[in-house]
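Here are my notes on the model. Please read them with the structure open beside you.

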Amino acid sequence: MESVKEDFPKNDDGARDPSYFGYYAQFVHQQNMLSDIVRTQSYQRAILSNAQKHFKNKQVMDVGAGSGILSYFAVQAGAEKLILSNEKNLWLHDKIEVFQEKIERPLNIPKVDTIISEPIGVLLIHERMLESYLHARDHYLNPGGIMIPSTGTIFLAPFSDAGLWSQTMNKVRFWEQDNFYGVDFSPLAEDAKSEIFGQPIVGYFDYRLLMAPSVSYMVDFQTISSSQLKDFTIPIDWKFPFTGLVHGIAGWFDIDLGGVILSTAPSAERTHWQQVRFLFQEPLAVNAYENIHGWMRLIVNDNRSYHIYAEVTKNSNSLSEPSECLNNFQNLNLKRLEVENFRRGIWNLHEQTYHYETSPMDLSRPEF
């Protein structure tokens, strides 16, 4: 078994992302992931339950090995090849070979039968590690070989959270002051609003904040190309069972670990990935049984993440094309949008902020 440990190499003129690789080289961040019981136990259960078919006497690659925990699970499942000098773990001797190199660089290694990895970030795609996972598939996986995880599914649903929206708006109010120690900040208010509301909010929330069943978008890691992953659009079609205010879009994901499903849904057991919410600058009122149509477009950026654009409306005929978002989204005429029951948003996934407070609302009563 080969473990490709993607630490940041020194003296590399073509190197990028020193902060990214340095972050995951720290014990505290490895501990954060290892201590995620849902994550770690799901991977172990998936690997051991597939031991006979995909691991025993197989050549296995662990992409982005980090602490090496998935490599160790693969050895437990009977993987054939490893080389690791570690007297405290003699059971690993002659089982793991570590390549401290980026997977994108040519490696003198044979093709493998199984690739394992944990290449997942917030909303599945943050940090863009999935591209490395697909590169390993394209260059080192035998025909008919297996990938764990095999698929990932993104879920999007409308949510209502007046407390969160008000707290976010209070940050904007600071910049609306026209006499702050004699200084008029109000000309900065619109830019501040765009920036503050453009920060995705990562954190747990009560699933009862969701206002309609989610839509889903599956990514098949065994067939999708890297280019398809760099720019894709998720269609939105929600039907609301009750009246309320939509404050934004909530997102989470599932991954399929060879028949074991690891879910990060707000109704599932908590993981370190949590969930993410995208606030609208202005809430959207909906009535019971109304439909909302729209889309979310995700485009990669140079910050190991994505720019995210979304548009939702009650009138599908007024919906613009996702391809137009780069030109039309910079100037949001919110007054016009209110009249047309229409909302747009722009968020930078790498500028995520965090929110852990519990809503004081009575979540068992949808009218609140």
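1. First, a term. Buried means under 20% relative accessible area, exposed means over 50%, and partly exposed lies in between (1.4 Å probe, protein chains only). By that scale Tyr354 is partly exposed, because its relative accessible area is 46%.

2. Some ground rules. This is a predicted model: local features need pLDDT of at least 70, side-chain atom pairs count only at pLDDT 80 or more, and totals for chains, interfaces and linings use all residues. Residues are numbered from 1 along each chain as its sequence is written, and side-chain values use heavy atoms, with hydrogens and water left out.

3. Back to Tyr354. This residue sits in strand β16 (residues 353-354). Helices (H or I, at least four residues) and strands (E, at least two) are DSSP runs, numbered from the N terminus. Tyr354 touches Ile201 and Val202, leaving aside residues up to four places away in sequence; contact means heavy atoms within 4.5 Å. Pro200 is 154 residues away along the chain, yet the C-alpha atoms of Tyr354 and Pro200 are separated by 8.3 Å.

4. Now strand β6 (residues 151-159). Nine of its nine residues are buried, so β6 is largely enclosed by the rest of the structure. Thr151, Thr153, Phe155, Ala157 and Phe159 point one way, while Gly152, Ile154, Leu156 and Pro158 point the other way. In a regular strand the side chains alternate between the two faces of the sheet.

5. Which strands pair with β6? Strand β8 (residues 215-220) runs antiparallel to β6, joined by six bridges. Strand β10 (residues 244-257) is also antiparallel to β6, over nine bridges. Two strands pair if DSSP finds at least two bridges between them. Ile154 has Tyr217 of β8 as its bridge partner, and Gly152 stands opposite Ile255 in β10.

6. Ser150 lies between β5 (141-148) and β6. Ser150 counts as buried because its relative accessibility is 12%. Beyond four places in sequence, Ser150 touches Val219, Asp220, Phe221, Gln222 and Asp256.

7. Last, a helix pair. Helix α7 (residues 162-174) and helix α8 (residues 189-197) pack at about 145 degrees, with axes 9 Å apart. Axes are lines fitted to C-alpha atoms, for helices over the stretch in contact, and angles run from 0 to 180 degrees between N-to-C directions. Trp165, Thr168, Met169, Lys171 and Val172 of α7 meet Ala189, Lys193, Ile196 and Phe197 of α8.
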